[in-house]
Amino acid sequence: MSITLNGLVTLGLAVLAMTASPIAISQAQSSRYDALADAPFSENRPTAETAKLLKDELLFQRATQTYLWAMPLINTLGMKVGSKKVFGAGYNVLPVWKKRLDPKTLVTTPNSDVIYAMGYLDLGKDGPIVFEAPPELQGILLDFWQRPIPGPTIDGRAFFGDVGLPGPDGGKGGKFLILPPGYDGPIPDGYFVYRSGTNNVLVFLRSFYQDPANLKPAVDRMEQAKIYPLGGEANAKPMQYPDASGVAANMLPASDGGVFDQLKALVDSEGPWLADKDWLGMLASIGIVKGKPFTPDEHTRTILDRAAKTAYKTSRVIGIQSEVGGRSFRMYPDRQWVNPVADGTPDNPGGALDLEWNRSAEGYRDLDARTWFFTDYYAWSPGMISQIPGKGAKYMVGFTDASGIPLSGGASYTLKLPPNVPAANFWSVTLYEAENASGLANGQPFPSKGSRDKPVQEPDGSTVIYLGPTPPAGKPESNWLATVPGKGYFAILRLYSPTEAAIDKSWKPGDIEKVN
């Protein structure tokens with residue numbers, strides 16, 4: 001089997017994926033695997049042709065698996081690189097979506113119903129950083145694996161990542177000191193101390209508004225946030241709060257070979273803090289080593305590019321599953337809504353998973369569950385998954401209609417929410433691109449509808465949301481979310497500050513029902 005033939009088999013798979021039957025695709029895959037397994041040896045040694053074939057395959061496989069392993073990093077890097085390109089970089093740059101986040105910002109599953117801000121820190125460059133939180137924010141401090149950063153223990157309660165309303169300040173505001181890994185210097189009094197596992201840090205903030213027609217109080221609150229090096233407030237760079245609303249910015253995970261250049265820059269800034277020796281070895285096997293040039297030749301670049309594209313598509317396959325690693329993500333046994341911590345309880349909010357995606361009982365990291373999350377979402381913390389009534393949020397993801405068929409932009413659907421939606425703050429339904437999980441560009445200002453939009457209720461107090469390419473005939477257009485023919489999508493129902501009926505699941509939404 002020649003190298004050229006193997007390349008033709010690979011190309012044929014791509015064509016078949018678009019044109020052929022599942023049987024034909026399976027046969028082509030078998031031919032590719034046969035080419036690898038049956039690569040010839042001569043005198044009990046691999047031929048030169050076989051050696052080249054299998055070395056290329058090894059590079060492809062290692063690059064593909066490295067991408068999937070690094071999915072949380074790649075998600076965070078996508079946000080940082082995209083933000084830096086448009087808004088600039090530095091601890092003092094805090095882009096704020098002052099008119100809410102619309103589909104021009106490409107980022108995984110944003111919430112259009114709060115005011116967002118996202119900043120990026122480099123503790124290796126700037127040293128310990130102080131974040132001054134104003135009152136009434138909700139935020140998370142995350143390392144670049146998007147692990148909630150361990151914080152203080154107060155009255156027996158350990159805090160991880162959360163700041164503001166679910167944090168140790170209880171929404172009163174305060175000074176948070178973020179320390180780099182391995183820091184053993186002096187720590188002054190008067191701070192909530194958080195010790196990061198990586199030099200690079202994501203600061204993710206939300207500010208809540210009450211009236212969509214008056215966002216100013218929420219924006220003003222966000223612009224009271226300050227970030228500066230420890231002991232350097234007097235000489236710190238002045239804060240910048242660029243308005244990110246309506247600005248075209250691609251903050252999605254990279255899905256081509258350029259992702260490995262992003263990972264190289266991260267390895268250079270992190271070194272041993274990034275991963276254990278095995279995974280640093282995997283990175284090294286594809287040419288990524290701290291302090292050494294990363295200059296793959298054209299042939300290697302081509303393989304790395306194909307590996308990244310394959311891995312990204314694989315993550316999208318994993319990300320639509322309702323069962324991962326033998327665990328059902330179904331929120332309710334008779335509904336299609338899913339969430340990776342659907343088995344969480346008030347005593348154990350993460351269910352089978354801890355905050356680093358470890359399967360607590362079995363003692364291993366659930367890599368597929370982690371990939372499932374970070375191909376579509378970002379940022380979680382104890383406050384986000386709290387099962388205490390009135391705290392955190394409850395998220396329900398709908399990929400399919402009631403029959404289990406993926407949602408189609410050309411079809412019409414209804415979603416019925418029973419009376420008394422159990423959200424003390426607000427609820428919303430938002431639509432996202434199936435291709436990349438960014439907000440669905442549907443021609444409406446925002447791809448969401450929620451309680452603050454005051455949708456029309458049915459006589460029994462329930463609310464029906466209409467999804468489809470045209471307004472529903474004879475129904476309130478205020479309850480309509482537009483979809484786009486030819487574009488698949490999915491929906492997220494958010495309950496902010498869920499009450500007891502959401503937590504004990506005595507209230508449950510209807511499925512998304514297709515209109516015949």
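This is a predicted model: local features need pLDDT of at least 70, side-chain atom pairs count only at pLDDT 80 or more; totals for chains, interfaces and linings use all residues.
**Exercise 1.** Now zoom in on β10 and β11: how many bridges join them, and do they run parallel or antiparallel?

*Solution.* Strand β10 covers residues 174–179, and four bridges join it to β11. The two strands run parallel. For a landmark to check on screen, find Phe176, which stands opposite Phe192 in β11.

**Exercise 2.** Decide whether Asp143 is buried or exposed, then describe its surroundings.

*Solution.* First place the residue: Asp143 lies in strand β6, residues 138–143. Its relative accessibility is 3%, so Asp143 counts as buried, the cut-off being under 20%. Then follow the side chain, which makes a polar contact of 2.7 Å with the side chain of Arg147. Finally, leaving aside residues up to four places away in sequence, Asp143 touches Ile149, Ser196, Gly197, Thr198 and Asn200.

**Exercise 3.** Which element gives the most residues to the lining of the second largest pocket?

*Solution.* Begin with the space itself, about 650 Å³. The lining has 29 residues, with Arg157, Pro382, Gly383, Ser386 and Ile388 nearest the centre. Two or more lining residues come from each of β8 (157–160) and β25 (489–498). Of the elements, β8 gives the most, with four residues.

Conventions: Residues are numbered from 1 along each chain as its sequence is written. Side-chain values use heavy atoms; hydrogens and water are left out. Buried means under 20% relative accessible area, exposed over 50%, partly exposed in between (1.4 Å probe, protein chains only). A polar contact is a pair of N or O atoms within 3.5 Å; within protein, one must be able to donate a hydrogen and the other to accept it, and residues adjacent in sequence count only if both atoms are side-chain atoms. Contact means heavy atoms within 4.5 Å. Two strands pair if DSSP finds at least two bridges between them. On a 1 Å grid over the protein atoms alone, a cavity is a set of points where a 1.4 Å probe fits but cannot get out, and a pocket is an open set with protein on both sides within 12 Å along at least five of seven lines; lining residues have an atom within 4 Å of a point. Grid points are joined across faces, edges and corners, and a volume is the space filled by probe spheres set on the points.
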